[in-house]
Amino acid sequence: MAAKARVSLTVLLAAATLACLCAVAASASAFDVPSVAFEERFSPLFGDGNVVRSSDDRSVRLLLDRRSGSGFISSDYYLHGFFSASIKLPKDYTAGVVVAFYLSNGDVYEKTHDELDFEFLGSRWGGQWRVQTNVYGNGSTSHGREERYLLPFDPTLEAHSYSILWAPTHIIFYIDDTPIREVIRHPDMGGDFPAKPMAVYATIWDGSAWATDGGKYKVNYKYAPFASDFSELAVVGFRADPVLRVAHRHGARQADLLGLMTADYAVMTPQKRAAMRAFRARQMTYTVCYDAVRYADGPFPECDNSDEERESFSAWGESKTVVMRPRARGRRRGRKAGAGARVPPADVSSS
Ligand SMILES: *[C@@H]1O[C@H](CO)[C@@H](O)[C@H](O)[C@H]1NC(C)=O
């Protein structure tokens, strides 16, 4: 009885999440934050010729070809904030290609850097990108905190927004207006919670060594150039000196933080948490929180374990297949993806 009730609740929540993701697809930015022109906050980082700015300077195309990947970086470092971009990923065969949107201070702190990542891992099947999030603090690279998810839409057809809220107390990753991961700072995390000013980066690069099926499928330059479009660049952050670690606006820190902490993207309402749980139960294929093989001593202190996620993680895990709405009916090509690959339980094609 109870189990049955829970299943239908899950389906309902999944449908609700999907409705949200669809509803925002029309407007690229999910939150009411002002976007900036590239030049206001960013500059090219590498692969200069492969950083192609639109004539109005409000969007940028990053290219990967045989010659080079490319990337851009914010002109400033920020201590906390909300960072967002609408991204349309490269089409067709993209095995080995990695697109990333992230915060880092690795250029300033070689051994003790902080990082918050969205990484997009290309695939052999057009549109079936995987998304990975990760959190590092104070050089905690020996214990990665990655999670991977499938997307309930084709990220190569139109832009969707990917956002990172970084507050002193918690971190939230969003896809459109759906929170997909929340990291609440736990005292036992110690330095693992990012705490030094970081810059904003966007890159595209050749990740042949690991990106697709652990490096089995490399970048095929027959399909180059690979183009990723970034628009609606939004930075609501507090500029800070990366070395002195102090905010540029002296004295305003408390007011700034209050503004950040009370903004809608920083507040986790019960509805948002339900949408997050539904997304994770359906779309997550990997999380360190349930990986007892890699972390035998138990999960990280901040892990908020959910029975539903754990069940779905062990039942499907990385063998989940992409079921996107346009090709969900009939064609289920994902079934061929490998031994044990199965189609997830609920049907996302309705609604
Ligand atoms: C960060 O790492 C450095 C070097 O390992 C260490 O000395 C320092 O105490 C750490 N800071 C925090 C906040 O854990």
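Predicted model: local features only at pLDDT ≥ 70, side-chain atom pairs only at ≥ 80, totals over all residues.
**View 1. Glu115 and its contacts.** Let's start with Glu115, which belongs to strand 7, a stretch covering residues 115–121. Leaving aside residues up to four places away in sequence, Glu115 touches Tyr102, Leu103, Ser104, Gly106, Asn134, Tyr136 and Pro194.

**View 2. Glu119 and its contacts.** Glu119 also sits in strand 7. Here the contacts are Val98, Ala100 and Gln132, again not counting residues up to four places away in sequence. Glu119 has 19 C-beta neighbours inside 10 Å, so it counts as partly exposed.

**View 3. Strand 6 and its two faces.** Now move to strand 6, residues 97–104, where eight of eight residues are buried. In a regular strand, side chains alternate between the two faces of the sheet. You can follow this along strand 6: Val97, Val99, Phe101 and Leu103 point one way, while Val98, Ala100, Tyr102 and Ser104 point the other way.

**View 4. The partners of strand 6.** Which strand is joined to strand 6 by eight bridges? That is strand 13, residues 199–206, and the two run antiparallel. Within this pairing, look for Tyr102, whose bridge partner is Tyr201. Strand 6 is also joined to strand 7, by seven bridges, and this pair runs antiparallel too. Here you will find Leu103 opposite Leu116.

Notes
Residues numbered from 1 in each chain as written. Helix = DSSP H or I, 4+ residues; strand = E, 2+ residues; numbered from the N terminus. Contact = placed C-beta atoms within 7 Å. Buried ≥ 20, exposed ≤ 12 C-beta atoms within 10 Å, placed from the backbone. Pairing = 2+ DSSP bridges.
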